[in-house]
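Hi,

Here is the structure I promised to pass on to you.

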Amino acid sequence: MDQHTAGRGGAVWALVITSIASFMAALDNLVVTTALPSIKESLGGGLEELEWTVNAYTLTFAVLLMTGAALGDRFGRRRLFMVGLGIFTAASAAAALSPGISELIAFRAVQGVGAAIMMPLTLTLLTAAVPPARRGMALGIFGAVTGLAVASGPLVGGSLTEHVSWQWIFWLNVPIGLILLPVARLRLRESSAPDARLDLPGTLLVSAGLFGIVYALVSAAGDGWTSPTVLTGLIIGTALLAWFVRHGLVAKNPVLPMRLFRDRAFFGINIAGLLMFLGMFGSIFLLSQFLQSGLGYTPTEAGLRMLPWTGMPMLVAPIAGYLSDRYGGRPVVVTGLALQALGLALFAIILAPDVSYAAQLPGLIVGGIGMAMYFAPAASLVMSSVRDDEQGIASGSNNALREVGGALGVAVLASVFAARGGFESPQAFSDGTVPALWIGSGAVALGALVALMIPGRRATAETPAPEPAEDRTTVAA
């Protein structure tokens with residue numbers, strides 16, 4: 001086998017392995033949403049516990065993503081990828097065996113730890129294995145598989161919950177993980193960046209700060225916005241995040257170098273991604289429950305009815321990718337975010353306990369097209385906004401900010417829902433969901449405005465390319 005063929009085979013294996021791992025981690029963001037009513041019935045708990053069932057995963061995932069990238073650079077990307085995959089797989093089995101809601105929340109948090117180690121290394125391993133000439137296509141396939149996880153999450157969760165049991169949304173990961181571990185060991189090449197350093201102070205600051213803010217937002221529904229618990233969480237959390245920003249400006253090797261945000265492309269796509277996930281993820285959290293608790297659909301019916309929204313990326317992503325190649329990423333991302341905001345607004349306008357599915361379709365379809373147009377060029381915009389030696393931290397920070405957006409979205413929109421409605425009746429559920437959807441729509445619309453900061457193709461072409469960094473990557477056979 002010649003070197004070209006061997007390299008090509010390695011690139012294909014890297015694409016397959018990293019795409020499957022990304023699918024698992026992305027699926028677990030949304031697979032639980034349509035199972036929430038069944039989990040509530042089986043294990044008990046109220047709105048706060050349901051929020052933590054989602055946010056325990058997204059929060060640990062978000063705050064440890066950049067640490068996962070740094071650990072991989074320091075101790076070996078393939079090795080740490082396998083460690084993260086092993087933790088994720090074991091925690092999935094433990095979540096399926098949870099005897100109560102508290103245990104489920106705890107194991108969901110451990111799942112997030114595994115995903116945080118695994119996920120940022122998927123893009124790094126893939127980018128290193130694929131030649132630059134084929135990298136765009138590989139990243140497009142990778143993004144499409146991640147989009148498939150978003151599309152199938154509510155449907156997979158609903159179908160397994162209805163026809164087997166909610167535990168199987170977690171058991172599903174176990175055989176996939178057990179098969180993927182030896183394949184990754186045999187087919188992925190090891191690489192590292194020996195000069196990489198861990199930033200424990202920065203990790204502790206961002207972890208504690210985000211936990212304080214999300215805990216306060218989740219607690220606000222039951223304790224009230226002026227309660228000592230909520231105010232303390234908001235004040236301390238904000239102060240710690242401000243300290244984290246300062247740390248990122250002055251530290252020698254911060255977990256998130258704030259200098260990266262001086263680049264308009266990096267700032268625009270990352271902040272737009274945070275706002276996109278805030279509006280989208282929080283809305284899916286509420287709508288997946290409204291379709292069951294408000295309209296009386298079964299879990300499977302709820303997942304199927306969401307497919308025009310969550311499944312649209314599978315149809316539109318290739319077209320969006322073509323438009324991105326032809327006209328640049330900025331107009332595609334901005335248009336996608338504007339359409340997602342419009343879709344949520346259309347849903348907020350028509351939402352009622354007796355709303356027909358035909359009335360829901362315009363919002364679902366428009367939102368789905370918008371989601372696809374955002375996802376298609378997003379990864380390429382992130383990776384092209386930094387130097388090659390910064391792609392690991394860029395991937396980690398982008399994923400982290402999107403997950404932070406998702407966690408905040410669930411907490412913020414659920415707080416609005418609790419303040420204006422509740423689970424008492426379909427009308428109460430509708431009364432709480434409508435204002436939350438308007439907040440979600442506004443957040444995504446703001447993301448569209450922020451995305452206008454991304455330089456267009458002409459501006460990018462006129463900007464001199466950064467000096468290539470010294471290649472410190474070591475490769476083992």
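Gly273 lies in helix H11, which spans residues 264-294; helices here are DSSP runs of H or I with at least four residues, strands are runs of E with at least two, and both are numbered from the N terminus. Before going further, please note that this is a predicted model, where local features need pLDDT of at least 70, side-chain atom pairs count only at pLDDT 80 or more, and totals for chains, interfaces and linings use all residues. Residues are numbered from 1 along each chain as its sequence is written, and side-chain values use heavy atoms, with hydrogens and water left out.

Back to Gly273: its relative accessibility is 0%, so it counts as buried. The term buried stands for under 20% relative accessible area, exposed for over 50%, and partly exposed for what is in between (1.4 Å probe, protein chains only). Setting aside neighbours within four places in sequence, Gly273 is in contact with Tyr374 and Arg402, where contact means heavy atoms within 4.5 Å. Between Gly273 and Ala25, 248 residues apart along the chain, the C-alpha separation is 17 Å.

Ser430 sits in helix H18 (residues 426-451). With a relative accessibility of 3%, Ser430 is also classed as buried. Not counting residues up to four places away in sequence, Ser430 touches Phe290, Leu351, Ala352 and Pro353.

Where does Met306 lie? Its place is the loop between helix H12 (299-305) and helix H13 (307-310). Met306 counts as buried because its relative accessibility is 1%. Its contacts, leaving aside neighbours within four places in sequence, are Pro154, Ile284, Ser288, Leu291 and Gly311. Met306 and Ala193 are 113 residues apart in sequence, and their C-alpha atoms are 43 Å apart in space.

Is Ser42 buried or partly exposed? At 44% relative accessibility, Ser42 counts as partly exposed. This serine belongs to helix H2 (residues 36-43). From Ser42 to Val230, 188 residues away in sequence, the C-alpha distance is 29 Å.

Now for the chain as a whole. The protein chain has 19 helices and two strands. Its radius of gyration is 21 Å, close to the 23 Å that the globule rule gives for 477 residues, so the chain is as compact as a globular protein of that length. That radius is taken over C-alpha atoms, and the rule is 2.2 Å times the number of residues to the power 0.38. Along the principal axes, the C-alpha atoms fill a box of roughly 65 × 50 × 45 Å.

Of the 477 residues, 57% are buried. Among contacts with a separation of 6 or more, 84% involve residues 24 or more positions apart.

Finally, a word on confidence. The chain averages a pLDDT (the predictor's confidence in each residue, from 0 to 100) of 82, and 91% of the residues score at least 70. Where pLDDT is low, the predicted coordinates should not be read in detail.

Best wishes
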